[in-house]
Amino acid sequence: MSEATLSHKRPLGLNILIVGFIVIWVILAAFPFLWTVWGSFKVEPDFFSRESWWNAILGTYTQRQNDGSSFTGSGYYGAWVTKEFWRAVFNTAIVTVSVTVISLTLGTLGGYALARSGQRYAFWILILALVFRAMPHITLVSGYLLPFFQLNIWGVLPTSIIVLVAINQPFTLWMLHSFFLSIPKDLDESAMVDGCSRFEAFRRVIIPVMWPGVVTTGLFSFLLAYNDFAVTSMLLSADNQTMVPKISSFLGSVQEQGNVMFAVAAVVSATVPLFILVLFFQRQIVSGLTAGAVKG
Amino acid sequence: MPHKTFFAFILPSLIAMVLFIALPIVSVVVQSFHVEHGRILVEVESCQPFGGCTKETRVDTAAMAALKAEQPMGQFNGFGTYLNRGHLAVNEIGAILANNNGFGDVVTRIYNLPFYKALSFTLVFCFVVTPLAMALGFAIALAVNTLPKVTKGPVIFFSLLPMIITPLIGSLILYWMIQPNGIIGASLRHIFSDPTLSLRQSPQLTWFSLLFYGVWTNAPFSFVVFYAGLQTVPADTLESAMIDGASRWERIRYIVIPHLAPLATFVALVQLMDNFRVFEPIVGFSAEANATSLSWMIFNDLAGDAQLFGSAGATSVLTIIGVVILLMPVLVRTWREFNHKVV
């Protein structure tokens, strides 16, 4: 679109309206995060002030309790050290990395097969995956609990990992299926003419060119595992909890003790990796969201 | 691709889906037809040297444990759980319809039944948040598209945050701000000069804040998809419309919107699916007194000390039926298109 010529003719009023709208939206989107990060370095009477929220900005009570300094790390100390949040961070790292790696391994193989098959049943598998994708996770969880108790595999990380991988498969298959469709068929077919078997063609020809699609899909697999609450809160024992269920368990016990700030600090700690993710992979996230939309 | 190779490639993925998605659905259905064992009571006579003998009824824990080991799912209950007060509440609805004071009374009394309360919030959340979030996303996409290139990147960065954030964490962050002692809650009290105003106390305000959260977290997805769609609007068509004298609004209405319509169907489908499982915001906002959802009901049954598998199973089956109804238009259309292609 010839952007320059179009914007030339835009009346001033409209321009002001557009800029104002964008500014309001950006504030709406970003301010809650900035406010919570800022507030996590205050004490509770400041961040949850009964008098005025200026206290949260100036840190009135924080100064009083802290020899004049208006910032305190006590929330972080309480969460990470006293309440052992680092354990949950460690568990989250194990779960997210395993889920991403296993999902992508299964998903690339399956997605490639679906993209190259052209048979009737491949289409039905995709439709079935769409239905599975729509299932609320908690309904599946209520089906897992009893069998897992019986088999005595409830509460440990590997169970949650494999469940999250399975829940993630429908989405991964769809994404990678549409990505492999965009790689020309001739590429692997010519390798097969040269004497490769299907699997060799996949390994030697497709794997080297598939990384952009795999990275994008991997980001979303990571997000699913990282953001999950329904599965991990029901399937993990208290010792093995990941970050999100741990934060929700803080709220039950911590709020009574008047230490909401532990939860605030934990929430900010859990948000930081997501910030970094968006910062570095903004382009991949955007292209991933649109790839599914434009092609599917 | 030969069948054998195809299945060799897809088998691991297929096994994972069958074992952990298809079988749990079967397991949920079976569970929903069972109910927890009733208590086995025994009469115990305890005699004391001076007090004489008293008879007491106690729960026989040993017999209970034996029965539970034998039949872990509980006893068969048929459709009993589906029809009881906690779910479809057939008898209660019959009573309400037989004896009531007008339409308003019927609605309030049905709303007070737990399943219908959850269902109504779930549906309202689905069908209010989805169109509003799509409209907001479209507006942001149009606005961002006019910005100079330098500012586009940062604006997109901040816009992605509400979507990418963990739902429970995002709702907690907003919840802390709208509490009476948080910044938004306190400011609202100040603006309306009402010192008792609290977004938690009235059901309407709780619903409103949950819906606000829903739009906040759903809008970025529509924005990103529509923004990408705007890049593919044919410039020639826009230009010729301008030459023909179409105004800005007319160009959006007659060129851009029709061009984005297929994308809008996709976005609506994905967001309806995701909003139907609304759950984390209710936990994050501690809103269960005023707003519950189907997913929250299942969670509540399972999270308590006495895990009610039968009740959770019945709600799950009803939820799955809801999902299938929601997907029906898409499935029917795909089925028709597919048959069309083959013929």
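**Domains and where they meet**

In chain B, the domain assignment gives domain 1 (31–77), domain 2 (79–112) and domain 3 (115–342). Between the C-alpha centres of domain 1 of chain B and domain 2 of chain B the distance is 33 Å. These positions belong to a predicted model, which scores ipTM 0.91 and pTM 0.90.

The mean pLDDT of chain B is 88, and 99% of its residues reach 70 or more. The lowest confidence in chain B is found in strand E3 (residues 52–59) of chain B, with a mean of 76, while helix H6 (residues 114–145) of chain B has the highest, at 95. Where pLDDT is low, the coordinates of a prediction should not be read in detail.

Chain A has its own division, into domain 1 (3–78) and domain 2 (83–295). Taken over C-alpha atoms, the centres of domain 1 of chain A and domain 2 of chain A are separated by 32 Å. Where these two domains meet, 12 residues of domain 1 of chain A are in contact with 11 residues of domain 2 of chain A. On the domain 1 side, the elements giving two or more residues are helix H2 (12–39), helix H3 (44–47) and helix H6 (74–82) of chain A. H2(A) gives the most to that side, with four residues. By class, the side of domain 1 of chain A that touches domain 2 of chain A has six nonpolar, five polar and one charged residues.

The next boundary is the one between the chains. Here 79 residues of chain A are in contact with 79 residues of chain B. On the side of chain A that touches chain B, the largest share comes from helix H16 (residues 260–295) of chain A, with 13 residues. The residues on this side of chain A divide into 57 nonpolar, 19 polar and three charged.

For A:Ala266, leaving aside neighbours within four places in sequence, the contacts are A:Ala79, A:Phe85, A:Ile247 and A:Phe250.

Key. Residues numbered from 1 in each chain as written. Chains lettered and ligands numbered in written order. Predicted model: local features only at pLDDT ≥ 70, side-chain atom pairs only at ≥ 80, totals over all residues. Contact = placed C-beta atoms within 7 Å. Domains from an automatic or database assignment. Nonpolar A, V, L, I, M, F, W, Y, C, P; charged D, E, K, R; others polar. pLDDT = per-residue confidence, 0-100.
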